[in-house]
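Open the model in your viewer and keep the selection tool at hand. This tour moves from one stop to the next, with a note on what to look for at each.

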Amino acid sequence: WSLPNAEHYALQYADGRQTYITDGEIKNGSILRLTTSPDQEAERLYNGIRSNNVDVKTDSLKKLASLSQDVTFAQEFINRNGLKLIFCIVEEGNDSGEILAHTLKAFMELMEHDFVSWETLSAAFIKKIVSYVNMNAMDASVQQLSLSILENMVPSSRLLFDLVKKEVTVDRLLTHLQVTNAQLQLKAMALLIALLLAATDSERRNIIHSSEPLGDEMAHYLYVLQSVSLNLYDRRMRTSMDPYSQEQRELLQSLRQAAFESESEAPTSNFSTERRRSLAKLNPFVSFQNNSNPAEDLRRAPPGLLALDNMLYFSRHTPNAYSRFVLENSSREDKHECPFARSSIQLTLILCEILHIGEPCSETAQAFYPMFFGQDHFFEELFCICIQLVNKTWKEMRATQEDFDKVLQVVREQITRTLSLKPTSLELFKTRVNALNYSEILKLRQTERLHQEETLAVPVLELRERLKPELLELIRQQRLLRLCEGTLLFRKISSRRRQDKLWYCRLSPNHKVLHYGDVEEGVQSPPIESLTEKIPVADMKALLIGKECPHTKEKSSGKQNKDVLELAFSIVYDVEEYCLNFVAPTRYEFCLWTDGLNVLLGKEMTSERMQTDLDVLLSMELKLRLLDIENISIPDTPPPVPKPPSNLNFCYDFSHAEQ
């Protein structure tokens, strides 16, 4: 190929490659066009931009925007102080429309090569860019480019972030989100998320809640932004694993290697290299449901390959936590092992359902999570927290393989309850979700069940308090009747701690005398006349239980003494304050007798059995009384009483006989 002055020309190929040629050099490939060398072209365009001819200036800026993608040309143009020309065009503000759009496009392309820092931009230039965003009557292409420039400025410097946050209001970005131009909407969303990512937690809250009049609208657009971003995972979620793909099988194998063959475990680990290798032989894969062919587990879509992506992210970004999870469970009995891979697949599916991945955006929804906007890899980081939660909950529930579905149901509830609190960061989410352990879930379920039955509604609670005295009196009567029937097999404890004699104690029908005495073995209910010992109820001074009883103060063997303490009680009677010592045969009898004796002494019943009986009676009585208003919502406050009528001359006179 022979051309005059060939050293100033270059060949540009169809695939985008560009090669500078010399006289007589021939290149293979499909040539699109012949261009002058970068230094010559940069010089020509530099002069063209300075031209007073509008057409020449426009064409030069248009070509500059195109050629600036080439790093060599960009370097030549910047070396000629070409950026100063662009700054002047923007700062002077004399040009608009096509010229301004080409100028901003060229600036963006030149800055992409990182030859010049964003921090070197002048305040006048930045304010001019901001003004294009804030103008109502402005060319859409100029606004798109201005939003892109600001988006790139925000993460580069704290000073630039503060300036953009101050000058570009959230309300203005919302206005751009309402237009029909999809590209302008996208650029506005990109700037909004750049601001949220660069902000601190408190600043993020201020940005999100800074637009009170448009709160609902703001929430909806944040929801849309979140939904669109999360739906990027939809393709992986719906892609099944290819069992014949060597690449995917190697990724599966890397999970095993990360758990069993890594040498970089933290020093605090209890698993040596030898221990890892022995566990690897017993468990060749990381607990798939189908360990002989783990690819089968990942053929289910959803969650498809997204589950594999999450497992790999967890193993690579938190290797110590990953190894600890797998090795710890590999050391347990098979039935108590929390299967990592199976749990990861199910957890990924749960997170996709909770976050509505793959579902179209609602036109009215406003449910967004503030912490989403503070993470580059929100879904993966959320998975890392939740998969460790699965292991924690598994241990709290002392679960076996048969309990797998039950554990994952609890984990789903832990996640949804914590997300409903709208934590502002993943760290806060992690703290709260770990505090919501299995016992707390059970308590919340019980409370919600009571609310659902409306037993905690204010009017029902008032009714409950009104019913208590009546039901407590019923329990008192039952306790006294039980004392009148008497109880056999109280063990009589003497000063020598002999417990071989059986005796019987009962209350007289008039509740005035306590009869007791020794009985022969086999006698179930001796007549009251055969019980020769008596204590008038009027002489009873106090009731002692447990350690307060005199017959439990002498030390004895641990377990026997503990049993006696739980069942022992004494009656202090007479002026001399003698004690009659009891040891009940069962805890049930202990509760009945201590309650009954407290009733005789005019004191409150304090046993746990009394509280259980009261709860049962209250529940039954409330259900019976509320039966007629089943499925009717009970308001917390009573309805207002209507005003009395102006007169009462509306009564019907029944004295007149009907004709």
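## Stop one: the sheet

Strands here are DSSP runs of E with at least two residues, helices are runs of H or I with at least four, and both are numbered from the N terminus. Two strands pair if DSSP finds at least two bridges between them.

Angles run from 0 to 180 degrees between N-to-C directions, and axes are lines fitted to C-alpha atoms, for helices over the stretch in contact.

A word on the source: this is a predicted model, where local features need pLDDT of at least 70, side-chain atom pairs count only at pLDDT 80 or more, and totals for chains, interfaces and linings use all residues. Residues are numbered from 1 along each chain as its sequence is written, and side-chain values use heavy atoms, with hydrogens and water left out.

## Stop two: strand 9

Now select residues 568–573, which are strand 9; 6 bridges join this strand to strand 10, and the two run antiparallel. Find Ile-571 and look across to Leu-580 in strand 10. Ala-568 faces Val-583 of strand 10.

Turn to the other neighbour. Strand 8 pairs with strand 9 over 5 bridges, again antiparallel. There, Ile-545 has Phe-569 as its bridge partner in strand 9.

Is strand 9 mostly covered or mostly uncovered? It is mostly covered, with 6 of its 6 residues buried (under 20% relative accessible area; exposed is over 50%, partly exposed in between, with a 1.4 Å probe and protein chains only). Show the side chains: Ala-568, Ser-570 and Val-572 point one way, while Phe-569, Ile-571 and Tyr-573 point the other. In a regular strand, side chains alternate between the two faces of the sheet.

Follow the chain into the hairpin of strand 9 and strand 10, which has 4 residues between the strands. Asp-574 in the turn has a positive phi of about 70°.

## Stop three: a helix pair

Select 38–49 and 71–79. Helix 1 and helix 3 pack at an angle of about 50°, their axes 9 Å apart. The two helices are therefore oblique to each other (angles under 35 degrees count as roughly parallel, over 145 as roughly antiparallel, 65 to 115 as roughly perpendicular, and the rest as oblique).

Last, colour the contact (heavy atoms within 4.5 Å). Helix 1 brings residues including Leu-45 and Tyr-46; helix 3 brings Phe-73 and Phe-77, among others.
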